[in-house]
Amino acid sequence: MSIRPEHELHQRRRGRNVGVGLMLAAFVVLVMALTYVKITQTDFELPPNQREVTQ
Amino acid sequence: MTDITNTPTTDYDAQLGDYFALLKPRVMSLVVFTALVGLLAAPVSVNPVVGFSAILFIAIGGGASGALNMWWDADIDQVMRRTRNRPIPAGRVQPGEAMVLGVALSGLSVMMLGLATNLLAAGMLLFTILFYAVFYTMWLKRLTPQNIVIGGAAGAFPPVIGWVAATGSFSVEAWLMFALIFMWTPPHFWALALFMRSDYDDAKVPMLTVTHGRPATRLHILVYTALLAALAIGTAFTAIGGIFYFAVALVLNAAFLLGAWRIWKRDEVMAEGDDYAEERKFFRLSLAYLFLHFGAILGEAALRAFGLGGW
């Protein structure tokens with residue numbers, strides 16, 4: 001049996017898959033934004049074992 | 001060789017909306033709003049990205065516990081008219097899927113809240129999820145008529161989590177907001193149990209209406225409403241209250257007490273005569289009651305930002 005490029009299941013689940021994809025993308029953006037906020041806060045400090053490397 | 005055509009298909013594929021329904025969006029709206037008030041009423045400023053993340057992950061944690069509740073309670077939901085169209089009893093989502101979704105979102109929300117804010121807030125969220133999904137759903141709900149009273153604590157934690165996310169510590173004001181929801185929950189659900197009539201009997205859930213009868217439930221509504229009114233008006237004289245909150249609380253509690261009084265004065269014959277009109281009215285008012293009280297606390301916080309509010 002040949003592999004069909006587009007199965008009927010793909011079409012049925014398209015809405016669901018697109019939705020999950022968008023949510024994952026939004027999650028990535030949120031984590032990036034949180035990271036930016038955290039490292040630009042004035043009280044941000046590197047862990048002690050990483051300080052020497054950067055200094 | 002295997003390919004996708006060998007995958008068994010069913011008549012219905014759960015859509016994103018079905019999974020979203022597992023998170024109890026209506027309850028989530030209450031969680032979002034009260035947690036937001038807790039976060040904004042706190043006497044510290046929070047970075048908007050951190051604040052947004054905190055509310056989002058508190059909401060996801062609340063939704064996750066809702067999914068776990070629907071997984072465990074699918075047998076009850078199938079019997080009750082109010083809940084039989086939920087995704088699991090309606091056959092749109094498999095119970096196992098709800099369980100996996102609930103556990104996964106619980107882990108994600110607790111971990112992300114801890115990273116975004118602080119470990120105390122994350123610990124509180126984990127405690128809330130366990131309290132609702134395990135202590136209330138798996139144990140209390142089927143065991144005691146006090147299920148609503150004690151289980152109500154789970155719905156009362158979000159403003160405390162919001163406050164702790166902002167400040168990193170507990171305070172009297174946060175616990176006052178907790179107490180407001182805690183005392184509000186029993187009369188809210190007992191009014192619902194009165195006009196849903198046989199639902200809880202059929203599902204064999206030991207609601208007060210089932211174990212102690214309807215007249216006792218009416219009396220309990222009145223007593224809890226009186227205690228709630230004292231607490232709600234008393235909150236006006238604390239750091240999160242003020243003249244504006246006091247005025248709102250006075251009007252709302254007068255109306256709520258009047259509704260509870262009317263429910264207490266009625267019997268089943270009168271209630272059936274008008275299809276539980278007073279009980280339904282009281283239930284609708286209870287929703288507005290909570291939103292407006294927390295709205296007033298938020299209003300006071302906004303006024304304080306402009307040097308107004310308080311006494």
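## Chain A at a glance

Helices here are DSSP runs of H or I with at least four residues, and strands are runs of E with at least two, each numbered from the N terminus. With that in hand, chain A reads from its N terminus as α-α-α: it has three helices and zero strands. Please keep in mind that this is a predicted model.

Chain A has 55 residues, of which 13% count as buried. One of its helices, H2 (14-40), comes back below as part of a pocket lining.

## Helix H2 of chain B

Let's turn to chain B, where helix H2 covers residues 25-41. How far apart are the end C-alpha atoms of this helix? They are 24 Å apart, and this agrees with expectation because 17 residues at 1.5 Å a residue should span 24 Å.

Several residues of H2(B) are buried, among them B:Met28, B:Leu30, B:Val31, B:Phe33, B:Val37 and B:Leu39. B:Thr34, B:Ala35, B:Gly38 and B:Ala41 are also on the buried list. The cover over these buried residues includes five helices of chain B: H1 (16-22), H3 (48-72), H8 (158-167), H9 (172-195) and H15 (277-305).

## Salt bridges around B:Arg142

Side chains of opposite charge can pair when their charged atoms come close. Over all chains, the structure holds 13 salt bridges. In one of them, B:Asp73 pairs with B:Arg142, with 2.9 Å between the closest N and O atoms. B:Asp73 sits in the loop between H3 and helix H4 (74-79) of chain B, and B:Arg142 in the loop between helix H6 (119-139) and helix H7 (147-156), so this pair ties together parts that are 69 residues apart in sequence.

Are these two partners buried or exposed? B:Asp73 has 0% relative accessibility and therefore counts as buried, since the cut-off for buried is under 20%. B:Arg142, at 34%, counts as partly exposed.

B:Arg142 also forms a salt bridge with B:Asp75, where the closest N and O atoms are 3.0 Å apart. This pair links distant parts of the chain as well: B:Arg142 in the loop between H6 and H7, and B:Asp75 in helix H4, 67 residues apart. B:Asp75 is partly exposed, with a relative accessible area of 43%.

## A salt-bridge network

Elsewhere in chain B, the side chains of B:Glu279 and B:Arg266 meet in a salt bridge at 3.2 Å, N to O. B:Glu279 belongs to helix H15, while B:Arg266 lies in the loop between helix H13 (243-265) and helix H14 (268-273); the two are 13 residues apart. Both B:Glu279 and B:Arg266 are buried.

Which residues join this pair in one network? Through salt bridges that share partners, B:Glu279 and B:Arg266 are joined with B:Arg214, B:Arg218, B:Glu268 and B:Asp274.

## The second largest pocket

The second largest pocket has a volume of about 850 Å³. It is lined by 22 residues, and those closest to its centre are A:Met23, B:Leu23, B:Ile60, B:Leu101 and B:Leu105. The elements that give two or more residues to this lining are H2 of chain A together with H1, H3 and helix H5 (95-116) of chain B.

Which element gives the largest share of the lining? That is H2(A), with seven residues. By class, the lining has 20 nonpolar residues, no polar ones and two charged ones.

Terms used. Residues are numbered from 1 along each chain as its sequence is written. Chains are lettered from A and ligands numbered from 1 in the order in which they are written. This is a predicted model: local features need pLDDT of at least 70, side-chain atom pairs count only at pLDDT 80 or more; totals for chains, interfaces and linings use all residues. Side-chain values use heavy atoms; hydrogens and water are left out. The expected span of a helix is 1.5 Å times one less than its number of residues. Buried means under 20% relative accessible area, exposed over 50%, partly exposed in between (1.4 Å probe, protein chains only). Contact means heavy atoms within 4.5 Å. A salt bridge is a side-chain nitrogen of Lys or Arg within 4 Å of a carboxyl oxygen of Asp or Glu. On a 1 Å grid over the protein atoms alone, a cavity is a set of points where a 1.4 Å probe fits but cannot get out, and a pocket is an open set with protein on both sides within 12 Å along at least five of seven lines; lining residues have an atom within 4 Å of a point. Grid points are joined across faces, edges and corners, and a volume is the space filled by probe spheres set on the points. Ala, Val, Leu, Ile, Met, Phe, Trp, Tyr, Cys and Pro count as nonpolar, Asp, Glu, Lys and Arg as charged, and the others, Gly among them, as polar.
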